[in-house]
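Open the model in your viewer and keep the selection tool at hand. This tour moves from one selection to the next and says what is there.

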Amino acid sequence: MRELTKAEEEIMQILWDLEKGVVWDVIEHLPDPKPAYNTVSTFIRILEQKGFIDHRAISGKTYEYFPVVTKEEYRAQEANKLVNNYFEGSLKELVSFFVQDKNISLQDADEIIKMLKR
């Protein structure tokens, strides 16, 4: 699976939430100032070339786009990349980072321990 740029990821987040939509649906959910139709359409075509979305014709030249890569699949890829690139592949190092640098709460630490015990 290929990596997404920030703009591509923003569009994917919208399509994951919507589950399907035309270009105007995506534009409607983007923050102001809204990008031009052609800009969003170009990003959608790039996402399709990268294999993240597909389309079906719904009338004439109007296409409905839908994700073929789930949010969970992409999240897993990005999480693994984070652990491997910044924490030498060690989940222990990742957790240690958050405990030391992010002042993890005792409640969050307890929840993590419960998850690890499962």
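Select Ser41 in helix H3. Helices are DSSP runs of H or I with at least four residues, strands are runs of E with at least two, and both are numbered from the N terminus. Ser41 counts as buried, with a relative accessibility of 11%. Buried means under 20% relative accessible area, exposed means over 50%, and partly exposed is in between (1.4 Å probe, protein chains only).

Two notes on the model. It is predicted, so local features need pLDDT of at least 70, side-chain atom pairs count only at pLDDT 80 or more, and totals for chains, interfaces and linings use all residues. Residues are numbered from 1 along each chain as its sequence is written, and side-chain values use heavy atoms, with hydrogens and water left out.

How far apart are Ser41 and Ile113 in space? They are 45 Å apart from C-alpha to C-alpha, and 72 residues apart in sequence.

**The core**

Now select Val26, Val40, Ile44, Phe52 and Ile53. These have the most contacts inside the largest nonpolar core, which has 18 residues. Such a core is a set of buried Ala, Val, Leu, Ile, Met, Phe, Trp, Tyr and Cys residues joined through side-chain atoms within 4.5 Å. H1, H2 and H3 each supply at least two residues of this core. H1 gives the most, with 5 residues.

Contact means heavy atoms within 4.5 Å.Next, select Glu64 in strand E2 (residues 62-67). Is Glu64 buried or exposed? Glu64 counts as buried, at 14% relative accessibility. Residues up to four places away in sequence are not counted here; beyond them, Glu64 touches Lys20, Gly21, Val22, Asp54, His55, Arg56 and Ile58.

**Loops and backbone**

Go to the loop between helix H1 (6-18) and H2, where Glu19 is found. Glu19 is not a glycine, yet its phi is positive, about 75°. At 59% relative accessibility, Glu19 counts as exposed.

Move on to Pro33, in the loop between helix H2 (23-29) and helix H3 (37-49). The peptide bond that joins Asp32 and Pro33 is cis, with omega about -5°.

Then pick Glu88, in the loop between helix H4 (71-86) and helix H5 (91-101). Glu88 also has a positive phi, near 50°, in a residue other than glycine. Glu88 counts as exposed, at 66% relative accessibility.

**The largest pocket**

Select Leu91, Leu94, Val95, Phe98, Ile104, Ile112, Met115 and Leu116. Together they line the largest pocket. A pocket is found on a 1 Å grid over the protein atoms alone: it is an open set of points where a 1.4 Å probe fits, with protein on both sides within 12 Å along at least five of seven lines, and lining residues have an atom within 4 Å of a point. About 220 Å³ of space lies in this pocket. That volume is the space filled by probe spheres set on the points.

Which helix supplies the largest share of the lining? H5 does, with 4 residues. H5 and helix H6 (106-117) each supply at least two.

**Last stop**

Finish on H6. This helix has 12 residues and reaches 16 Å from its first C-alpha to its last, close to the 16 Å expected at 1.5 Å a residue. The expected span is 1.5 Å times one less than the number of residues. The number of buried residues in H6 is 0, so H6 lies largely in the open.
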